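Hi,

Here is the structure I promised to pass on. Have a look at it first, and then read my notes below.

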Amino acid sequence: MVRVKQLLGRKGQEVWSVDADEPVLEAIQMMADKGVGALPVTRGEGELVGVVSERDYARKVILLGRSSAETPVWQIMSSPVVTVAPDDDVRGSMQIMTEMRIR
């Protein structure tokens, strides 16, 4: 049985995140620079409070005519965050993702 930590071990240790109060423009720029489609959103001492994705940006900023430079990330992020533990098995994690329609 493959564990989540085995998959993560193949991907590297670096994690990029954005603060909830930063403008959406900064999050989108970071996603472009890092070649990722979503970022964890943190507040204060690194508390995980949400996830912001390119889909959030498209649906909650672009389609609504909002300003990327003036809209804070917390206004468009998805929350609460669903997580799994490193020792959880991949199959069970995938089942959670399917049931909740997340990735």
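What percentage of the 103 residues in the protein chain is buried? Buried residues make up 23% of them. Before you go further, keep in mind that this is a predicted model, and everything below is computed from it.

**Overall layout**

The protein chain has four helices and three strands, and along the sequence they come in the pattern α-β-α-β-β-α-α. If you want to set up a box, the C-alpha atoms fill roughly 45 × 25 × 25 Å along the principal axes. As for contacts between residues at least 6 apart in sequence, 52% of those in the protein chain join residues at least 24 apart.

The three strands make an open sheet in the order 1-2-3, with mixed pairing. Strand 1 (18–19) and strand 3 are the edge strands, and each has a single partner strand, so one side of each has no neighbour in the sheet.

Strand 1 and strand 2 run parallel and are joined by two bridges; aspartate 19 has threonine 42 in strand 2 as its bridge partner. Strand 2 (residues 38–43) and strand 3 (residues 47–53), on the other hand, are antiparallel and pair over six bridges. Within that pairing, proline 40 sits opposite valine 51 of strand 3.

Strand 2 and strand 3 also form a hairpin, with three residues between them. Take a look at glycine 44 in the turn, where phi is positive at about 65°.

Helix 2 lies across strand 1, strand 2 and strand 3, and runs at about 135° to strand 2.

**The nonpolar core**

The largest nonpolar core has 14 residues, and those touching the most other members are Val18, Ala27, Val41, Val52 and Val73. Two or more residues of this core come from each of helix 2 (24–34), strand 2, strand 3 and helix 3 (54–62). Helix 2 gives the largest share, with three residues.

Ala27 is a handy place to start if you want to trace the packing. Leaving out residues up to four places away in sequence, alanine 27 touches Val18, Leu39, Val52 and Val73.

**The largest pocket**

The largest pocket has a volume of about 2100 Å³ and is lined by 40 residues. Nearest its centre are Ala38, Val51, Val82, Met97 and Arg103. The elements giving two or more residues to the lining are helix 1 (4–11), strand 2, strand 3, helix 3 and helix 4 (90–100). Which of them gives the largest share of the lining? That is helix 4, with six residues.

Last, a serine. Serine 93 is in helix 4. Is serine 93 buried or exposed? Its relative accessibility is 8%, and the cut-off for buried is under 20%, so serine 93 counts as buried. Not counting residues up to four places away in sequence, serine 93 touches Val4, Val84 and Asp88.

That's what I have for now.

Cheers

Definitions and conventions: Residues numbered from 1 in each chain as written. Predicted model: local features only at pLDDT ≥ 70, side-chain atom pairs only at ≥ 80, totals over all residues. Heavy atoms only, no water. Pairing = 2+ DSSP bridges. Core = buried A, V, L, I, M, F, W, Y, C linked by side-chain atoms within 4.5 Å. Buried < 20%, exposed > 50% of the residue type's maximum accessible area, 1.4 Å probe, protein only. Contact = heavy atoms within 4.5 Å. Axes fitted to C-alpha atoms, helices over the stretch in contact; angles between N-to-C directions. 1 Å grid on protein atoms, 1.4 Å probe; cavity = no way out; pocket = protein on both sides within 12 Å on 5 of 7 lines; lining within 4 Å. Points joined across faces, edges and corners; volume = space filled by probe spheres on them.
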